[in-house]
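Walk through this model with me, one region at a time. Keep the sequence and the structure side by side.

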Amino acid sequence: MGFYNELSNYYDYIFPVKQAQLNLIKNTTGTPPKKILDVACGSGGYSLALANNEYQLTAVDLDEKMINQVTTKAKHNSLKIDAFEADMLSIDEKIDETFDTIFCIGNSVAHLDTEEQMSSFFKSSYNLLSKGGSFIVQIINYDRILEKGINALPTITNNEIDLTFERKYEYERELNKILFITRLLVDGKEYNNSIPLLPIRSTRFISLIKEAGFDLIEEFGDFNESPYNQQNSYHLVIRATK
């Protein structure tokens with residue numbers, strides 16, 4: 001995906017590992033060694049942190065440059081991570097083992113084109129989990145975005161390398177798509193891009209996860225497990241148990 005290929009050199013500065021996300025994954029999974037699958041892993045920050053805590057990591061992303069970064073950093077830090085190219089719709093074709101936890105965060109699922117594709121990914125994740133395993137998935141709270149007409153996300157800055165990452169939304173009602181428009185300023189250069197997102201409502205999102213076969217579904221408004229509120233939560237975080 002050209003958008004993330006372009007961002008790959010700066011990904012860790014834009015989206016650093018955050019403790020709340022890491023804690024939720026670790027607390028959900030339990031004491032290592034346990035097997036974890038990181039879907040749409042980006043440059044591998046969470047996989048590296050978890051592997052450093054002695055979890056057994058498999059990390060997949062559809063972008064070759066991202067996977068190269070994961071393998072390079074894992075080797076540099078003497079960590080074992082099974083990292084390879086795969087998109088969300090092909091994980092069950094490329095993976096023949098089961099996991100204690102599968103997670104897909106960073107609003108990655110919203111990059112799928114249709115609800116049918118989301119459903120396919122949820123079913124594949126269910127099939128790749130061990131009995132009693134957990135599926136953690138996060139998207140932006142699109143209930144809030146659509147109902148309040150929000151047309152931008154907070155600008156991300158990183159003073160360490162003088163980086164600014166601007167993010168705007170344009171809702172295309174007839175297509176039910178949001179055009180995600182970005183502007184990255186770094187190293188004296190400017191990178192502009194746009195990519196369509198699927199702004200799925202929380203009730204439909206949860207319904208698709210239930211249809212995939214999950215027994216217990218918990219919904220949160222952030223990674224600290226705060227209650228989800230359609231009007232005010234920034235995130236929709238789901239933890240589903242097989």
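Just after helix H4, Glu54 takes a positive phi of about 75°. Helices and strands here are DSSP runs, numbered from the N terminus; a helix is H or I with at least four residues, a strand is E with at least two. The model is predicted, so local features need pLDDT of at least 70 and side-chain atom pairs count only at pLDDT 80 or more, while totals for chains, interfaces and linings use all residues. Residues are numbered from 1 along each chain as its sequence is written, and side-chain values use heavy atoms, with hydrogens and water left out.

Step back into H4 itself, residues 45-52. Of its 8 residues, 6 are buried, so the helix is largely enclosed by the rest of the structure. Buried means under 20% relative accessible area, exposed over 50%, and partly exposed in between, with a 1.4 Å probe and protein chains only. The buried residues of H4 are Tyr46, Ser47, Leu48, Ala49, Leu50 and Ala51. Their cover includes helices H3 (19-29) and H5 (64-76), together with strands E1 (35-39), E2, E3 and E4 (99-104).

Now move to Tyr55, in the loop between H4 and E2. Tyr55 is buried, at a relative accessible area of 6%. Which residues does Tyr55 touch, not counting those up to four places away in sequence? They are Lys26, Thr29, Gly30, Thr31, Pro32, Lys34, Ile36 and Leu50. Contact means heavy atoms within 4.5 Å. Tyr55 and Ile36 are 19 residues apart in sequence, and their C-alpha atoms are 7.0 Å apart in space.

On a 1 Å grid over the protein atoms alone, a pocket is an open set of points where a 1.4 Å probe fits, with protein on both sides within 12 Å along at least five of seven lines; lining residues have an atom within 4 Å of a point. The lining consists of Lys35, Gln56, Leu57, Thr58, Lys80, Ile81, Asp82, Glu97 and Phe99. Strands E2 (56-61) and E3 (81-85) each give two or more residues to this lining. E2 gives the most, with 3 residues.

Next, the domains. The protein is divided into domain 1 (3-141 + 200-241) and domain 2 (143-197), with bounds from an automatic or database domain assignment. Their centres, taken over C-alpha atoms, are 21 Å apart. In domain 1, 21 residues are in contact with 28 residues of domain 2.

In soluble globular proteins, nonpolar side chains tend to be buried together. A nonpolar core is a set of buried Ala, Val, Leu, Ile, Met, Phe, Trp, Tyr and Cys residues joined through side-chain atoms within 4.5 Å. The largest such core has 45 residues, of which Val109, Phe121, Phe122 and Phe205 touch the most other members. Strand E5 (residues 129-140) provides the largest share of this core, 5 residues. Each of domain 1 and domain 2 supplies at least three residues to this core. A second, separate core of 25 residues includes Leu24, Ala49, Tyr55 and Phe103.

Finish at Thr241, in strand E11 (residues 235-241). Thr241 is buried, with a relative accessible area of 19%. Leaving aside neighbours within four places in sequence, Thr241 is in contact with Gly132, Gly133, Ser134, Phe214, Asp215 and Leu216.
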